Amino acid sequence: AGAGGRRYAPLRDEAVKLFNSLQQLEAEREPAPLMQGVLQTCLDLPPLVDEVYCQLVKQTTEPPAPGAQGDLRYWQLLTCMSCTFVPSAPVLRFLRAHLDRTESRCPSSEMAKYAGFIRAALGKTRGRQCVPSLEEILVLARRQEMVCTVHCPGAAACRVAISSHTTAAEVARELVSRLGLSQSPNLFALYEQSRLREQPVGSATLLADVLTRFE
């Protein structure tokens, strides 16, 4: 069983299910939930991470219609994967060669822009506690940042742009600077509040994971 009591078949069967999900991606009217399902399966069953990376490289190599909606959806899922999981060393080398080849053959194309974004993400990804939220998936599909609202005591709510790699400590430092508190002797931290509890957010925690929990 995986997160939330989700039950899985043997790895071989789950790999076939993932392949079928990828085949549906091109025609899916709302692809974000399907992408999130693929990511969740990989989070719960880590041996499948390399499998999905390899399948996505295959799907984005010499596609029938480069740059068409179906092709770009595979690139979008590859983008989400790169912000969530780091593949094994051999698959990482294989993936980077694919990114280099895409940028070389299709400069200035949407595929090349995704390739550059993915390369940069792989250099920052350290593993996630949660898969990207649906909002994060939609933002990543556009290669953009999310906007996080932080409520500060004695001040108006602050909106902060974050990426999939932004930590709580980085946001806290930005807010301290923005509010003119850099010389304050106090320590500052972020808190996560729900209807049931309030708890501090660890300095190394990714804000994107916190937002997924809220979703």
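Reader: In which helix is the place of Leu207?

Author: This is a predicted model, and in it Leu207 belongs to helix H9, which covers residues 207-214.

Reader: Is Leu207 buried or exposed?

Author: A residue is called buried when its relative accessible area is under 20%. Leu207 has a relative accessible area of 6%, and it is therefore buried.

Reader: With which residues is Leu207 in contact, once its neighbours within four places in sequence are left aside?

Author: Leu207 is in contact with Cys148, Ile162, Thr166, Thr167, Ala168, Val171 and Leu190 when those neighbours are set aside. Gly123 lies 84 residues from Leu207 along the chain, and the C-alpha atoms of these two residues are separated by 18 Å.

Reader: How many helices and strands are there in the protein chain, and what pattern do they follow along the sequence?

Author: The protein chain has nine helices and four strands, and reading along the sequence gives the pattern α-α-α-α-α-α-α-β-β-α-β-β-α.

Reader: What does the radius of gyration say about the protein chain?

Author: The idea is to set the value against what a compact globule with the given number of residues would have. For 215 residues that expectation is near 17 Å, and the protein chain, with 19 Å, agrees with it. Taken along the principal axes, the C-alpha atoms fill a box of roughly 60 × 45 × 35 Å.

Reader: What share of the residues is buried, and what share of the contacts links residues 24 or more positions apart?

Author: Of the 215 residues in the protein chain, 45% are buried. Among contacts with a separation of 6 or more, 66% are between residues 24 or more positions apart. As for the surface, the protein chain exposes about 11800 Å², of which carbon and sulfur atoms supply 52%.

Reader: How many disulfides does the structure hold?

Author: The structure holds zero disulfides. Cys152, for instance, is in no disulfide, and its nearest cysteine sulfur, that of Cys158, is 3.8 Å away.

Reader: How far apart are the mean positions of the positive and negative charges?

Author: The protein chain has 24 positive and 22 negative charges, and their mean positions are 2 Å apart.

How values were computed
Residues numbered from 1 in each chain as written. Predicted model: local features only at pLDDT ≥ 70, side-chain atom pairs only at ≥ 80, totals over all residues. Heavy atoms only, no water. Disulfide = S-S within 2.5 Å. Helix = DSSP H or I, 4+ residues; strand = E, 2+ residues; numbered from the N terminus. Rg over C-alpha atoms; globule rule 2.2 N^0.38 Å. Buried < 20%, exposed > 50% of the residue type's maximum accessible area, 1.4 Å probe, protein only. Contact = heavy atoms within 4.5 Å. Areas by Shrake-Rupley, 256 points an atom, 1.4 Å probe, with all protein chains shown as cover. Lys, Arg positive; Asp, Glu negative; His and termini not counted. Charge placed at Lys NZ, Arg CZ, Asp CG, Glu CD.
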